[in-house]
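Me: Could you take me through the reading of a few local features, beginning with the general idea each time and then turning to the case at hand?

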Amino acid sequence: MVKNLNSFSVLLSVYKKNCSRELLQVLNNISQNTVLPNQIVLVIDGPLTFDIATVCSKWLNPNQIQLKVVKRKSNGGLARALNEGLTYVTNDLVARCDVDDVNSLDRFEKQLKYMTSHDEVDILGGQVQEISTNGLFLSERHVPIQHQDIVSFAKFRSPMNHPTVMFRKNAISKIGAYRSSSKVEDYDLWVRAIVQHLVLHNLPDVLVNMTVETDTYKRRSGFKYYLSYRSTKIEQYKIGFINLCNLMSSCFLMFCSALLLPTFVRRYLYTKFLRREAR
């Protein structure tokens with residue numbers, strides 16, 4: 001059944017650690033949504049271990065969604081990949097997707113309806129349900145709904161679930177989009193958006209099943225990760241978003257988490273205290 005295409009774009013990036021199965025799955029997932037985009041911008045961030053043309057030939061795309069493939073010669077990281085992809089986006093409304101996640105089939109319908117009826121909202125996210133690589137439900141990450149609650153939450157943790165967001169390209173571009181200097185590029189973007197008076201909302205609905213791999217919590221450790229996080233918090237302090245007490249406490253807690261705790265302890269703390277266990 002052919003569906004009408006709507007004026008919004010989906011932006012995603014793939015790199016060597018992804019596989020062809022994941023990419024094909026997310027493309028089919030997008031095309032099965034109750035509301036479809038008229039454009040998908042797929043950024044190839046450096047050399048891959050599989051052939052993109054082969055994946056695209058297997059993609060069931062009966063509605064002929066325009067697929068723009070942007071190839072980068074070398075891997076430059078997610079921030080650079082998304083920024084380059086944004087230059088090829090033809091619509092103002094942009095939905096972010098990750099290749100290893102599964103969107104609810106009414107995700108785009110809910111977000112498009114909300115964004116078109118709330119002109120003041122620049123960034124709209126939602127809730128996520130975390131699942132293991134074999135599909136088992138682990139926990140849910142819930143974030144605040146209204147802008148002022150999001151602002152308060154952002155002083156301590158990232159207030160948006162990045163794979164769920166839909167944003168206005170013009171608004172994001174005006175504030176400089178993603179910055180590649182941070183390993184927490186999405187958190188950095190949300191805070192800069194708040195400081196520059198953009199409006200952020202989240203839907204109460206779970207919009208994405210987000211895959212949590214065995215090394216997910218390991219990636220949130222190490223000296224480089226800590227330094228990147230600290231730089232982000234220092235920047236937040238310099239622009240007046242947080243106070244000195246918040247800066248010191250945040251950096252201390254991240255120092256303990258990233259450098260002192262074993263991975264299994266870090267995972268336990270995130271799951272039991274910073275998430276809501278799935279029932």
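Reply: Helices (H or I, at least four residues) and strands (E, at least two) are DSSP runs, numbered from the N terminus. Residues are numbered from 1 along each chain as its sequence is written. The model is predicted, with local features needing pLDDT of at least 70 and side-chain atom pairs pLDDT 80 or more, while totals for chains, interfaces and linings use all residues, and side-chain values use heavy atoms, without hydrogens and water.

Me: Where is A177 placed, and is A177 buried or exposed?

Reply: Buried means under 20% relative accessible area, exposed over 50%, and partly exposed in between, using a 1.4 Å probe and protein chains only. A177, which lies in the loop between helix 6 (169-174) and helix 7, is buried at 8% relative accessibility, and it has a positive phi of about 55 degrees although it is not a glycine.

Me: What is the phi of Q64, and where is Q64 placed?

Reply: Q64, also not a glycine, has a positive phi of about 55 degrees; it sits in the loop between helix 2 (52-58) and strand 3 (66-72), and is exposed, with a relative accessible area of 60%.

Me: How many cavities of 30 Å³ or more does a search of the whole structure find?

Reply: On a 1 Å grid over the protein atoms alone, a cavity is a set of points where a 1.4 Å probe fits but cannot get out, and lining residues have an atom within 4 Å of a point. The search finds one such cavity, and the largest cavity has a volume of about 40 Å³, with R179, D188 and I239 among its lining residues. Helix 7 (185-195) and helix 8 (223-238) each supply at least two residues of that lining.

Terms used. 1 Å grid on protein atoms, 1.4 Å probe; cavity = no way out; pocket = protein on both sides within 12 Å on 5 of 7 lines; lining within 4 Å. Points joined across faces, edges and corners; volume = space filled by probe spheres on them.
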